[in-house]
Amino acid sequence: MKNTIVGTSPWRKEGYDKVTGKAKYVDDLIFPDCLYGKTVRSTIPRGKIQSIQFDPKIPWDEFVIVMAKDIPGKNRVPIIVHDEPFLAEQEVRYIGEPILLLAHSNQAMVEEAVQYVHITYEPLPAILDMEDVPNAEQIQYGSDNVFKHIQFAKGNVDEVWGKAPVLLSGKYETGAQEHLYIEPQGVVACASRENGVTVWGSLQCPYYMHKGLTVLFGLPENKVRVVFCMTGGGFGGKEEFPTNLAGHAALLSWKAGGKPVKMIYSREEDMLATTKRHPSRTYIRSAFAKDGQLLALDIKVFMDGGAYVTLSPVVLSRGVLHSFGPYVCPNVRVEGKAMFTNSNPYGAFRGFGAPQTVFALERHLDEAAYLLKLSPVELRRKNFLHQGDTMATSQLIRESLNLEQILDKALVESHYTEKCQAYADFNRKNSKRKKGIGVSMFFHGSGFTGSGEVMLASKAGIRARLDGCVEVLTAQTEMGQGAFTTLAQIVAEALHLPLEKIVVVNPDTNLVPNSGPTVASRTCMIIGGLLQRAAQDMVSLLHEFAGLPMEYTPDDFATAVQKYTQEKAELSIFHQYQHPPEIQWDDKTYTGSAYAAYAWAAYVADLEVDLVTYQAEVKDFVAVQDIGKAIHPVIAAGQIEGGVAQGIGWALFENVSLEQGVMKNHQFSNYIIPTTVDVPSIRVFFVENPYANGPFGAKGLGELPMDGPAPAVASAVAFALERPYVRAIPLLPERIMNLVEG
Ligand code: MOS
């Protein structure tokens, strides 16, 4: 039967409910007798809590008050390292750290009451810069404040430096970034000893939250339930953080005898108190032959992890594993460190460490091209990775890979060569406005790193109903990225049924299996793959045992399901992740296949810098990528457009202004993100190169578009200003001014 759904762009599964206002976000849920929760936070970066006083101006007996000592289970958020408390016990480690919780039926009253809790501290020495060497009193994690240290090498870089004709070194810096999902963090919780804990929320990972709550309350798995509510954006910000918030609301409800407690952050609180992208500093030293051949790369990456580990080890891991780019290099040494600081913990953010290192390497290559008197494009071309080559991790490129095709498409669509010439002419003739164009080449690994998918052992499945509809059962969440539709298309195609026959069950831990988190560019490729195989098995079963003809209509399908169900059993099929056997990874040496598959891309930014205001304005953007297969081309292009806008924001506008480790500009009015007038038309192109193990050839794409814009934009700024060393973002007007004048 013919392929009719994958590769087309039908209406989104949740689209009707969203545009008609029927979709329920967590704040739309109405519970009788609901209390509103608020958090009292630390006001110093580090110290011992000495006293907590409740101002008699407030009728405290009307309030529910929760402190660390009220926690029934373990006061630790269980992610990678169990170091972060849900509520501070004796010591606080960053400004904004939650210390106690308040709830009241009157929302205005609880919001006001927060300032009447007076906390005194004995201050302790904090550490606020990731590269400061801590003294003994500042050590707060392990023996050296290092959350994670990674090292790996190929060849021997030290043998190259003495002999290589061209050497270059540079330091590259990227700032923190706020997710700014449209919908702030929010949950509602009902918790009691009798009924267990139920949380409704805006979140990416129902089973992460589920695990966190079982630990916090010391409850068995079947006494905890997490229900996904339609979610207005995540970008990684709702990967781990919602577990903390769910814990808070549930603790208040528990103490309130099971009354529902709603906690919805205001935008200010959300920006102040939730995780952000890790700030980074990357040092690169490289060696080239005279013709531009890359001989050695020595890369050192520092990431600021903040005051608790959260996901920093894996962010660093993805960062270093994307640091060497899509190039062949015989000698590579990579070292990475994620550091403790007394800052608000940094966490997951689309790209997960890769945007930071891709920025550093791609900038570095442009500088090398300048030194070598080659065009940035030529230099990259000379060093491209091909099928049969190995990466810095010794990963063999098994699949076909044609970076030339991706790059050429980007150059043609952007009129790169003509514009290089035209802009050089324009810049000679104009002193107030300068034009520039820049290219970046990069990849993004699909799915969890290394053996991560094996350890997750995700389970997903489908269930056929008697009416001939088929339910999709996964824990994958819909946060605007189109997962419900994309997964439904894969199932519809594999079952040869129209899309309307596919029902995506709302992720609710009582109803769906643990298919892992909705992160890491894994949903389409990994979960889609499990669903495709489940659907193929379902068709085979119906052919074999229920008389489904080889060519069939939806009615034939329904009839066969009825027959199967009557004669045998309910027809549901679940698959568990199986790692492709040729994909091996050694976590000790950091060698092998870090990812089963990669998406590859070439991005071109075209911009203008105003030398009166020192503002850069992106005029055109071309994004060409190989994501295997676009299951829903409109959704896929939308993902790319959104990621590029977010990348342009990170490169030019978004400045998290930190003071003592906390975001000072935590308002929409002074944390500037690009609006529609700041974002050019983003022209998206797919080079389809189906991946054998992906559903209908698909790989991951969610994070990819965050990796490439910043280096392309910075490169275009370098071109426009004729300043080759553009090494730090965001490129705010003051930074551009310094480049011009420096
Ligand atoms: Mo993500 S940054 O893998 O939610």
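## A loop residue and its surroundings

In this predicted model, T341 is in contact with I127, L128, D129, M130, D304, G306 and A307, once its neighbours within four places in sequence are left aside. T341 itself is found in the loop between β15 (331-340) and α7 (354-372). Its relative accessible area is 0%, and T341 therefore counts as buried, the cut-off for that class being under 20%.

## Domain layout

The domain assignment of the protein chain gives three entries, of which domain 1 comprises 32-124 + 179-273, domain 2 comprises 280-449 + 588-741, and domain 3 comprises 452-576. Domain 2 and domain 3 have C-alpha centres that lie 36 Å apart.

## The interface of domain 2 and domain 3

Contact between these two domains involves 23 residues of domain 2 and 23 residues of domain 3. The size of an interface is often given as the accessible area lost when the parts come together. For domain 2 and domain 3 the buried area is about 1600 Å², and carbon and sulfur atoms give 68% of that area. On the side of domain 2, the residues F448, P695 and F696 supply 39% of the area that this domain buries against domain 3, which is more than any other three residues supply.

As for polar interactions, the count of salt bridges between domain 2 and domain 3 is zero, whereas six residue pairs in polar contact are found across the interface, with both residues of each pair at pLDDT 80 or more. Of the side of domain 2 that touches domain 3, at least two residues each are supplied by β16 (433-446) and α15 (633-652), and the largest share, three residues, comes from β16. Sorted by class, the side of domain 2 that touches domain 3 has nine nonpolar, 11 polar and three charged residues.

## A buried helix residue

L530 lies in helix α13, which spans residues 523-545. With a relative accessible area of 0%, L530 is classed as buried, because that class takes in residues under 20%.

Leaving aside neighbours within four places in sequence, L530 is in contact with S458, K459, A460, H575, Q576 and Y577.

Conventions. Residues numbered from 1 in each chain as written. Predicted model: local features only at pLDDT ≥ 70, side-chain atom pairs only at ≥ 80, totals over all residues. Heavy atoms only, no water. Domains from an automatic or database assignment. Contact = heavy atoms within 4.5 Å. Buried area = accessible area lost by both parts, 1.4 Å probe. Salt bridge = Lys/Arg side-chain N within 4 Å of Asp/Glu carboxyl O. Polar contact = N/O pair within 3.5 Å; in protein donor to acceptor, adjacent residues only side chain to side chain. Helix = DSSP H or I, 4+ residues; strand = E, 2+ residues; numbered from the N terminus. Nonpolar A, V, L, I, M, F, W, Y, C, P; charged D, E, K, R; others polar. Buried < 20%, exposed > 50% of the residue type's maximum accessible area, 1.4 Å probe, protein only.
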